[in-house]
Amino acid sequence: MLNRRHIRVKVMQSIYAMHQNHSDNLEGQEKFLNYSIDNIQDLYLIMLSSLIEIQKAEAVFLEKSSQKHLVTAEERNPNNKFINNQVLQLLAESSSVSIALENRKINNWELHDDYIFILLNEIKQSDMYEKYMSNRKNNFEEDKQFIMDVFVEIVAPNEKLYEYLEDNKLTWIDDIPLVNTHIVKQLKALKDASDDIKVPKLFKDAEDRDYARDLFRKTVLNESELAKEYIDKTPNWDTERIAEIDTIILKMAICEFLKFPSIPVKVTINEYLEIAKEYSTPKSSIFINGILDNLVKEFQANNKLTKVGRGLM
């Protein structure tokens with residue numbers, strides 16, 4: 001689920017937290033980094049299970065409606081297309097999802113079912129729901145497209161849900177787009193009603209897990225030396241007025257240049273410029289690009305760059 005850019009962001013945020021707390025507790029902050037990354041799995045399960053709980057809530061509503069003393073013809077014979085949606089059925093029957101929900105003790109919607117009713121009501125008031133329910137026959141492709149549309153247009157952008165997640169864990173703010181994008185990709189990849197939905201691993205492989213740890217450690221343990229590489233390259237900038245995020249980004253990028261031989265220089269520069277655009281000041285990416293470009297030329301001239309493999313320079 002995690003890509004390298006998001007790993008870089010998590011490491012950057014952990015180093016920034018160390019600076020803000022004036023802490024030199026490397027072990028403690030690394031635990032926070034790991035905790036922050038691990039909790040992305042909880043966020044994924046909470047977002048995915050919202051669809052399961054919405055289906056359950058509607059099923060309960062229809063059952064109660066059919067048992068009223070005075071029932072209408074529609075309540076006696078309701079359109080069950082939504083609760084029979086084949087993608088929702090796959091989610092509800094996924095052993096991978098149910099085991100993960102149990103193991104990680106995800107019970108948010110049992111404790112806060114008001115958010116589920118908010119989402120369900122919004123779905124039922126939408127034009128897409130009216131169009132979907134215009135017939136009673138379930139078709140897998142239609143079912144899939146409907147759930148994708150519901151998730152993208154109603155669940156993911158819901159402001160009350162976003163506020164709840166933000167209040168629950170502050171570290172989730174930057175993880176929400178990553179998780180939602182992954183869920184949409186999973187839904188889109190479903191082929192038919194026999195498919196299985198599996199909970200993804202946080203890291204693509206052991207190399208990515210090691211990368212998160214090593215980038216954090218190597219940057220923090222070498223901050224003074226890494227700072228020396230760029231400090232004389234900023235004659236027109238008051239060192240004390242350079243945004244702290246910018247200094248962290250520079251140190252992380254230089255760390256990758258010098259201590260991660262398998263990562264191409266261009267990849268490092270492009271990734272950190274994008275991070276700067278999103279997390280720092282409007283002029284930060286221009287400033288950082290100039291510094292890194294000059295450093296690469298200097299490192300190459302002094303044979304300080306050791307990159308392994310084709311096209312890594």
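So, where do the buried residues of α15 pack? They go against α1, α12 (206-221), α14 (244-259) and α16 (284-301). Bear in mind that this is a predicted model. The buried residues themselves are Val265, Thr268, Ile269, Glu271, Tyr272, Leu273, Ile275 and Ala276. As for the helix as a whole, α15 covers residues 265-279, so to speak 15 residues. From first C-alpha to last, α15 reaches 21 Å, close to the 21 Å expected at 1.5 Å a residue.

Now over to α1, one of the helices those buried α15 residues pack against. How do α1 and α2 cross? The axes of α1 (residues 4-20) and α2 (residues 26-66) come within 10 Å, with a crossing angle of roughly 140°. The crossing of α1 past α2 is right-handed.

Who's touching whom there? On the α1 side you've got His6, Lys10, Val11, Ser14, Ala17 and Met18, and they meet Leu26, Gln29, Phe32, Leu33, Ser36, Ile37 and Ile40 in α2. Sorted by type, the residues of that contact come out as eight nonpolar, four polar and one charged.

Last stop, serine 95, which sits in helix α5, residues 95-103. Buried, exposed or partly exposed? Serine 95 has a relative accessibility of 43%, so we call it partly exposed. And serine 95 is 90 residues along the chain from arginine 5, with 30 Å between their C-alpha atoms.

Notes: Residues numbered from 1 in each chain as written. Predicted model: local features only at pLDDT ≥ 70, side-chain atom pairs only at ≥ 80, totals over all residues. Heavy atoms only, no water. Helix = DSSP H or I, 4+ residues; strand = E, 2+ residues; numbered from the N terminus. Buried < 20%, exposed > 50% of the residue type's maximum accessible area, 1.4 Å probe, protein only. Axes fitted to C-alpha atoms, helices over the stretch in contact; angles between N-to-C directions. Left-handed = near helix turned anticlockwise from the far one by under 90°. Contact = heavy atoms within 4.5 Å. Nonpolar A, V, L, I, M, F, W, Y, C, P; charged D, E, K, R; others polar. Expected span 1.5 Å × (residues − 1).
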